[in-house]
Each structure stands twice: as structure tokens, then as C-alpha cells.
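Please keep the sequence and the model in view while reading.

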Amino acid sequence: MGFPITRHRRLRGTAGIRGMVRETILNTLDFIQPIFVTYGTGVKNEISSMPGVYHFSLDTLKAEVDEIAALGIPAVLLFGIPETKDAVGSSAFAEDGIVQEATRLIKKWYPELLVVADTCLCEFTDHGHCGMVHTHTVVGVVHGDVINDASLDLLTRTAVSQARAGADIIAPSNMMDGFVHAIRAGLDENGFEHVPIMSYSVKYASAFYGPFREAADSAPQFGNRKTYQMDPANLREAIREADSDVLEGADMLMVKPALAYLDVIRTIRDQFDLPLVAYNVSGEYSMVKAAALQGWIDEKAVVLEMLTGMKRAGADIIITYFAKDAARWLRG
């Protein structure tokens, strides 16, 4: 062979060398574990489409939080399933709402564990949309439009009530135009100027949310969310969405889903200097779980490779239902 001889394999020869030159390091501190809290007592019900993920009532929640804290996972993301729903999602901003009560308990048990509150209305409205709607019936079929500006007040009330309950981070996921500005103003006016906003800046109208609809009981009762969530075919639009949120005062940006949108994560990472969150969503979780249960894949290897890919693409933080498993695996 002629000179020079390039031997890339020299840096792959042993586990020690591979570890020394590894470019992307996955860490438990990267993770946020979602939790679904619900009304009632004695509830710990596995979500059928998401093996290993449960609905917890407040009296069964502590064991889950104990486990998360013991694993060193720094944050949880709370979703609530209320006892009653109405057209405006009033349970979302009730002072004794399920997310608010869960937040108070978690902060009492573990003051240093970060509570991220998902700020949306879809779990709390009887129509399943993320804001107020105007409906009309045509030939017996219900049609509706989500009313953007009127929804901002309800979302702001929700965010303020979550902050008042002790939420460390507000994470609005509704994709209404102007939502970050409205929530930032509401938080500041109520003395919560120190509470950061983790904006679901780039949230696609994705088929990967299917299992979440069961978990959060939030399927739209008519239509779909394509008028406010993004078209999966669009990348340049993602930059515009993120840019708006930065100008409105977002402290962190998010791309959701993650696995089929690694190019979007990379683009947002290159364009903006704020902390970037990737949401490893329910459908991504369920596909891996289903294949693992069939024995078709090595679940540990696939999950760690997938999460590493999200971080390599540019994510600083990963919301994932695999957080507990990944934390155990990283401990070795």
C-alpha cells in the first residue's frame, strides 16, 4: 500500500479507546420523564398501547416519583387527566386541578426535582382540541374552528395556576400563534418572572402521537389539529416558528416528535442558541416496545442508540418515556 495509509480502525480497537474518543455522551441529566396523573384513589393502570407507562392517582404517585428521583433523573413532565371536562377546559386552570395538586405533592416530597408543567387544554376540553372552538353542524356532521386569540387567555390562566402551584418550568404545547408572548406576560404580571418557558416551538401534526391520545384521553372529537400543528413536510416553517418564540421570550425550544425529525433538530440547533429539547414521543416508544416484546430487537441497544442519535443531532434535553430504563442502563 502507498503512503499515507489511513487506518481509522486504530481508534476503534478497544472499549477504552472508543470511550476516550466518543463524541456524543448520553447522560441521565439529559432526561425528563413524563408522568400521567389522574383522579381517583388507588389508581395505577398500565396504558395498553404504552407498556410500562401508567396512569397514577395522587395517592399512588409517590412510589413513581421516588423511583425517578433515586435514578437521578432531574425532571418530570406532568400531564393531567381530569375528572370532568368542559368546552373551555376549566380544570386545566383550576387551583385544585390534577396537575396543580400533583405539582404541590412532588415539590413537597422532592424540592430539587424539577416539575415541568405541560400547558395545554386538550386533555381538559370535552372536544379534545388545544383551545376554544367555534362549532357548527353541516348535514349532521360537526365542524369546528379553533379560536386562536381567545384561547390565549385560557392558556395564560393555566400557566399562572401551574406556576402558583410550584411548577419550575412552564411548557406550552398548544401551538397557538402568540402563545409564548401571552404566557410570558401573564407570568410576569403575577410575579413569576423567574419561571422559564420551555416552548413546544416546532410541533408537527404527527401520526406518532397515537398512543398518547389514549394516555391523555385527548383525541379530538371532530376534525384534526392540522390547522395549528405543523405539516410534517415542512422544514423552513420550523425556523419561522422557533424564531417567533425566541422573539416572544421563550427560554428553551422544543422539536416534537424527535425520531423522524432529526434534521429539524439539527437545523434548529444551528439556527438558535437556546437550550434545545427533543420529545421522544409515544409512538416512537410504543414501536420499540412492541418490537422488543416480540424479541425482534435488543431493546437496550436500540433505545440508547436512538437517544444518542437525538443528542448527536443537537438536543440538549430529551423528554422520553424511556428515561427510567435509560438511566438504569447508563449506570451499568
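Which residues are buried in helix H5 (residues 179–189)? In this predicted model, the buried residues of helix H5 are Phe179, Val180, Ala182, Ile183, Arg184, Gly186 and Leu187. Their cover includes strand S5 (114–119), H4, S8, strand S9 (198–203) and helix H7 (236–248). Just after H5, glycine 191 adopts a positive phi of about 85°.

Helix H11 spans residues 323–331, and its buried residues are Ala323, Lys324, Asp325, Ala326 and Ala327.

One of the buried residues of H11, Lys324, takes part in a salt bridge with glutamate 67, in which the closest N and O atoms are 3.4 Å apart. This pair links distant parts of the chain, with lysine 324 in helix H11 and glutamate 67 in helix H2, 257 residues apart. Lysine 324 has a relative accessible area of 12% and is therefore classed as buried, the limit being under 20%. Glutamate 67, at 28% relative accessibility, counts as partly exposed. Both residues belong to a network of salt bridges that links Glu64, Glu67, Lys289, Glu299, Lys324, Asp325 and Arg328.

**Further salt bridges**

The structure holds 15 salt bridges. Side chains of opposite charge can pair when their charged atoms come close.

| Salt bridge | N to O distance |
|---|---|
| Lysine 324 and glutamate 67 | 3.4 Å |
| Lysine 107 and aspartate 168 | 2.8 Å |
| Aspartate 270 and arginine 266 | 3.1 Å |

The side chains of lysine 107 and aspartate 168 meet in a salt bridge. Lysine 107 is in helix H3, whereas aspartate 168 is in the loop between helix H4 (148–165) and strand S8 (169–172), so this pair ties together parts that are 61 residues apart in sequence. Lysine 107 counts as buried at 17% relative accessibility, while aspartate 168 counts as partly exposed at 23%.

Aspartate 270 and arginine 266 both lie within helix H8 (residues 262–271), four residues apart, or about one turn of the helix. Aspartate 270 is exposed, with 56% relative accessibility, and arginine 266 is partly exposed, with a relative accessible area of 33%.

**Tryptophan 109 in helix H3**

Tryptophan 109 is located in helix H3 (residues 98–109). Its relative accessible area is 23%, which means that tryptophan 109 is partly exposed. Setting aside residues up to four places away in sequence, tryptophan 109 touches Leu58, Leu61, Lys62 and Val65. Tryptophan 109 and aspartate 66 are separated by 43 residues in sequence and by 8.6 Å in space, C-alpha to C-alpha.

**Asparagine 280 in strand S11**

Asparagine 280 belongs to strand S11 (residues 276–280) and is buried, with a relative accessible area of 0%. Its side chain makes a polar contact of 2.7 Å with the side chain of glutamate 284. Not counting residues up to four places away in sequence, asparagine 280 touches Ala258, Met306, Leu307, Met310, Ile318, Ile319, Thr320, Tyr321 and Phe322.

**Cysteines**

How many disulfides does the structure hold? The number of disulfides is zero. Cysteine 122 is in no disulfide, and the nearest cysteine sulfur, that of cysteine 120, is 4.0 Å away.

**A nonpolar surface patch**

On the surface, Leu11, Ile17, Met20 and Val21 form a nonpolar patch whose accessible area together is about 390 Å². Leucine 11 is placed in the segment before helix H1 (15–20).

Notes:
Residues are numbered from 1 along each chain as its sequence is written. This is a predicted model: local features need pLDDT of at least 70, side-chain atom pairs count only at pLDDT 80 or more; totals for chains, interfaces and linings use all residues. Side-chain values use heavy atoms; hydrogens and water are left out. Helices (H or I, at least four residues) and strands (E, at least two) are DSSP runs, numbered from the N terminus. Buried means under 20% relative accessible area, exposed over 50%, partly exposed in between (1.4 Å probe, protein chains only). A polar contact is a pair of N or O atoms within 3.5 Å; within protein, one must be able to donate a hydrogen and the other to accept it, and residues adjacent in sequence count only if both atoms are side-chain atoms. Contact means heavy atoms within 4.5 Å. Patches are made of residues with over 30% relative accessible area and no salt bridge: like charges are joined within 9 Å, nonpolar side chains (Val, Leu, Ile, Met, Phe, Trp, Tyr) within 5 Å. Accessible areas come from the Shrake-Rupley method with a 1.4 Å probe; for residues, only the protein chains shown count as cover. A salt bridge is a side-chain nitrogen of Lys or Arg within 4 Å of a carboxyl oxygen of Asp or Glu. A disulfide is a pair of cysteine sulfur atoms within 2.5 Å.
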